[in-house]
Amino acid sequence: MSIIDEEASYGYEMVSKLRDRGLNLASEGSIYPLLSRLQKQGMIESYLVQSNEGPARKYYRMSKPGRAALDQWRHDWTAFRDSVDEVLNGGGK
């Protein structure tokens, strides 16, 4: 969702952006079911953009509830990461 929050994107484009950032776990086969679930939950919205080079592409953008959820997830992740860092670094010893 963070990729979509940066700018509206289509599935293959999201996979490419994730890979460019070192996250090679995402594939086209895994991202489309995830996008479908996020859309059903109201976290993202989709729209079609016509292409001169082939079929229309389905783009995804953040919804207001999705942006609020992402903000909360970022907060939770930061707190979790800080706790793990504290443990790994010996509790500040």
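**Salt bridges, helix packing and a surface patch**

Asp5, Arg67, Asp71 and Arg74 are joined in a network of salt bridges. The model is predicted. Eight salt bridges are present in the structure. Side chains of opposite charge can pair when their charged atoms come close.

Arg21 forms a salt bridge with Glu6, with 2.7 Å between the closest N and O atoms. Arg21 lies in the loop between helix 2 and helix 3, and Glu6 lies in helix 1 (residues 2-6), so the pair ties together parts 15 residues apart in sequence. Arg21 is exposed at 53% relative accessibility. Glu6 is partly exposed at 46%.

A further salt bridge joins the side chains of Lys17 and Glu7, at 2.9 Å from N to O. This pair links distant parts of the chain, 10 residues apart: Lys17 is in helix 2, and Glu7 is in the loop between helix 1 and strand 1. Lys17 is buried, with a relative accessible area of 15%, whereas Glu7 is partly exposed at 44%. Arg81 and Asp82 also meet through their side chains, at 3.3 Å from N to O. Arg81 is partly exposed at 38%, and Asp82 is partly exposed at 41%.

Helix 2 (residues 11-20) packs against helix 3 (residues 28-40) at about 120 degrees, and their axes are 9 Å apart. The two helices are therefore oblique to each other. Their crossing is right-handed.

Trp77, Phe80, Val84 and Leu88 make a nonpolar surface patch of about 450 Å². Phe80 belongs to helix 4 (residues 64-88) and is partly exposed at 48% relative accessibility. His75 is also found in helix 4. His75 is exposed, at 53%.

How values were computed. Residues numbered from 1 in each chain as written. Predicted model: local features only at pLDDT ≥ 70, side-chain atom pairs only at ≥ 80, totals over all residues. Heavy atoms only, no water. Patch = residues over 30% accessible without salt bridge, like charges linked within 9 Å, V, L, I, M, F, W, Y side chains within 5 Å. Areas by Shrake-Rupley, 256 points an atom, 1.4 Å probe, with all protein chains shown as cover. Salt bridge = Lys/Arg side-chain N within 4 Å of Asp/Glu carboxyl O. Helix = DSSP H or I, 4+ residues; strand = E, 2+ residues; numbered from the N terminus. Buried < 20%, exposed > 50% of the residue type's maximum accessible area, 1.4 Å probe, protein only. Axes fitted to C-alpha atoms, helices over the stretch in contact; angles between N-to-C directions. Parallel < 35°, antiparallel > 145°, perpendicular 65-115°, else oblique. Left-handed = near helix turned anticlockwise from the far one by under 90°.
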